[in-house]
Amino acid sequence: MIDVLKSKYFNGYRAFKTSQSNATEGFDVKESMAWRYAPQYDPVAKDMNAIPEEVKPWIRGEEFIWEGTAHLPGFKEDVLTYWASCVTLSRKLVQAFALSLGLPEEYFDSKVTYPGADGVFNYYPVNTKEELSDDNVALGSHTDLQLFTLLWQDMTRGLQVLSKEGQWIKAVPIEGTIVVNIGDFMMRLSNDVYKSTVHRVYNRSNVERVSMPFFFGE
């Protein structure tokens, strides 16, 4: 049982149409499972006895996620392998962002020792005729909070990005690539050099869709 209601920090499973990313656009037409950073799974080894006291309240991984999926062979190991790869890539990207802002490459390194590093699986089912006629949005329009998001998506279209002119542009998936989406923290840290992106999922395909966003921040 990995229901989000068991969590202090929004870890766990959310059922179909129980989340609402935008209050003006109805409930999100998806199911999801989320988990958050836990230092014991960090690809950079941690001394668990030396975690600073001021950091501990912000470590919000919860083991019930993995206990509740222990009946699925290899699930925890495979998910955390992917998650750890995202953490490693994100730390490299943070260095690239620092260089792009005219800062030393390692400028942000000390800020992501115990990062916000949240993984989510989203499942979007095939739309019903009623949902299509109501013009429902599968995931309401919003910006992401953290520095940036890495998005692995299948080849089913659905992600849309809002342009400066107020038009929704389809983000056509490119096989073998990951979408990098700027978040609110990066916009603030860069003094608006980078802009957080308003986006949504507008699923009109006749097949199921899966996405695996990974949110990275300080």
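Helices (H or I, at least four residues) and strands (E, at least two) are DSSP runs, numbered from the N terminus. The structure described here with those elements is a predicted model, in which local features need pLDDT of at least 70 and side-chain atom pairs count only at pLDDT 80 or more, while totals for chains, interfaces and linings use all residues. Residues are numbered from 1 along each chain as its sequence is written, and side-chain values use heavy atoms, with hydrogens and water left out.

Six strands form an open sheet in the order 1-2-3-10-5-8, with antiparallel pairing, where two strands pair if DSSP finds at least two bridges between them. Strand 1 and strand 8 are the edge strands of this sheet, each pairing on one side only. From one strand to the next the twist averages 20°, the axes being lines fitted to C-alpha atoms, for helices over the stretch in contact, and the angles running from 0 to 180 degrees between N-to-C directions.

Strand 10, which covers residues 209–217, is mostly covered, since seven of its nine residues are buried; buried means under 20% relative accessible area, exposed means over 50%, and partly exposed lies in between (1.4 Å probe, protein chains only). Strand 10 is joined to strand 3 by seven bridges, and these two strands run antiparallel; Gly116 has Gly217 of strand 10 as its bridge partner. Strand 5 (residues 148–153) is also antiparallel to strand 10 and is joined to it by six bridges, and here Gln153 has Ser211 of strand 10 as its bridge partner. Strand 2 and strand 3 are paired in the antiparallel sense over five bridges, with Glu31 standing opposite Tyr123 in strand 3.

In the loop between strand 1 (12–14) and strand 2 lies Phe16, which counts as partly exposed because its relative accessibility is 33%. Phe16 and Lys30 are 14 residues apart in sequence, and their C-alpha atoms are 5.1 Å apart in space.

Strand 6 (residues 159–162) and strand 7 run antiparallel and are joined by three bridges, and the bridge partner of Leu162 in strand 7 is Trp168.

Ile178 lies in the loop between strand 7 and strand 8 (179–182), and because its relative accessibility is 35%, Ile178 counts as partly exposed. Together with Leu89, Trp152, Val180 and Val210, Ile178 forms a nonpolar patch on the surface, with about 360 Å² of accessible area together. Such areas come from the Shrake-Rupley method with a 1.4 Å probe, and for residues only the protein chains shown count as cover. Patches are made of residues with over 30% relative accessible area and no salt bridge, like charges being joined within 9 Å and nonpolar side chains (Val, Leu, Ile, Met, Phe, Trp, Tyr) within 5 Å.

Helix 2 (residues 75–100) has 26 residues and should span 38 Å at 1.5 Å a residue, which agrees with the 37 Å between its end C-alpha atoms; the expected span is 1.5 Å times one less than the number of residues. Gly102, whose phi is positive, near 75°, follows helix 2.

Side chains of opposite charge can pair when their charged atoms come close. The structure holds five salt bridges, a salt bridge being a side-chain nitrogen of Lys or Arg within 4 Å of a carboxyl oxygen of Asp or Glu. The table lists some of them.

| Salt bridge | N to O distance |
|---|---|
| Arg36 and Asp118 | 3.8 Å |
| Asp42 and Lys46 | 3.8 Å |
| Arg91 and Asp42 | 2.9 Å |

Arg91 lies in helix 2 and Asp42 in the loop between strand 2 and helix 1, so this pair ties together parts that are 49 residues apart in sequence. Asp42, Lys46 and Arg91 are linked in a network of salt bridges. Asp42 counts as buried because its relative accessibility is 7%, Lys46 counts as buried at 19%, and Arg91 counts as buried at 15%.

The salt bridge between Arg36 and Asp118 has its closest N and O atoms 3.8 Å apart. Arg36 lies in the loop between strand 2 (31–35) and helix 1 (64–67) and Asp118 in strand 3 (residues 116–124), so the pair ties together parts that are 82 residues apart in sequence. Arg36 counts as partly exposed at 23% relative accessibility, whereas Asp118, at 12%, counts as buried.
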